[in-house]
Amino acid sequence: AIFCVTTGTRIFETLALTVHQVLEFHQRRERDPRAKLRLVETKGGVPRDIDVPLEVVEYLLAYIDGERSRAIAEALKWKALRKEHKRVFVNGIDAR
């Protein structure tokens, strides 16, 4: 919800984000603070660039490294996934 509210994205646009997109954006942002995140899956099907506040980027990185990593590891352990999930947002480990 924080991502949608601070960036003006739709829920489905936010859920379509991949880990690769966020990590690549973070690298570009370190070189250029004015860098924008490219949304590929949008309402009109036309990619668009959005501003993402630094605090939200840091939150996403912490989520990817923490809660998301634990959820993926648990899903792989229980064979709920066959391979690494590319999307940023996944159900938590308690969502069995």
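**Entry 1. Overall layout**

I began with the secondary structure, and the protein comes to four helices and two strands. I took helices (H or I, at least four residues) and strands (E, at least two) as DSSP runs, numbered from the N terminus. Read from the N terminus on, the elements run α-α-α-β-β-α.

I noted that this is a predicted model, in which local features need pLDDT of at least 70 and side-chain atom pairs count only at pLDDT 80 or more, while totals for chains, interfaces and linings use all residues. Residues are numbered from 1 along each chain as its sequence is written, and side-chain values use heavy atoms, with hydrogens and water left out.

I then looked up the extent of the C-alpha trace, which spans about 40 × 30 × 20 Å along its principal axes.

**Entry 2. Surface, burial and charge**

Of the 96 residues, 34% are buried. Here buried means under 20% relative accessible area, exposed means over 50%, and partly exposed lies in between (1.4 Å probe, protein chains only).

For charge, I found 18 positive and 14 negative charges, with mean positions 6 Å apart. Lys and Arg count as positive and Asp and Glu as negative; His and the chain ends are not counted. The place of each charge is NZ of Lys, CZ of Arg, CG of Asp or CD of Glu.

I also checked contacts between residues at least 6 apart in sequence: 52% of them join residues at least 24 apart. A contact means heavy atoms within 4.5 Å.

**Entry 3. The nonpolar core**

In soluble globular proteins, nonpolar side chains tend to be buried together. I therefore looked up the nonpolar core, defined as a set of buried Ala, Val, Leu, Ile, Met, Phe, Trp, Tyr and Cys residues joined through side-chain atoms within 4.5 Å.

The largest such core has 17 residues, and F3, L37, V52 and V88 have the most contacts inside it. Helix 3 (19-31), strand 1 and helix 4 (54-77) each supply at least two of its residues. Helix 4 gives the largest share, six residues.

I followed L37, which lies in strand 1 (residues 37-39). L37 is buried at a relative accessible area of 4%. Beyond four places in sequence, L37 touches F3, L17, Q21, F25, R28, R48, D49, I50 and V52. L37 and V22 are 15 residues apart in sequence, and their C-alpha atoms are 7.7 Å apart.

I next took V52; leaving aside neighbours within four places in sequence, V52 is in contact with F3, T7, F25, R29, L37 and V57.

**Entry 4. The loop between helix 1 and helix 2**

I examined two residues of the loop between helix 1 (2-7) and helix 2 (11-15), starting with G8. G8 is exposed, with a relative accessible area of 52%. Not counting residues up to four places away, G8 touches F3 and R48. The C-alpha atoms of G8 and Q21, 13 residues apart along the chain, are separated by 17 Å.

T9 lies in the loop between helix 1 and helix 2. T9 counts as buried, at 7% relative accessibility. The side chain of T9 makes a polar contact with the side chain of T14 at 2.7 Å. I used polar contact for a pair of N or O atoms within 3.5 Å; within protein, one must be able to donate a hydrogen and the other to accept it, and residues adjacent in sequence count only if both atoms are side-chain atoms. Beyond four places in sequence, T9 touches F3, C4, T14, L39, R48 and I50.

Is E13 buried or exposed? I found E13 buried, with a relative accessible area of 1%; its place is in helix 2. A polar atom of the E13 side chain lies 2.8 Å from the backbone nitrogen of R10 and one lies 3.5 Å from the backbone nitrogen of K43. Leaving aside neighbours within four places, E13 is in contact with L39, E41, T42, K43 and R48.

T42 counts as buried at 10% relative accessibility. The T42 side chain reaches the backbone oxygen of V46 at 2.8 Å. Not counting residues up to four places away, T42 touches F12, E13, P47 and R48.
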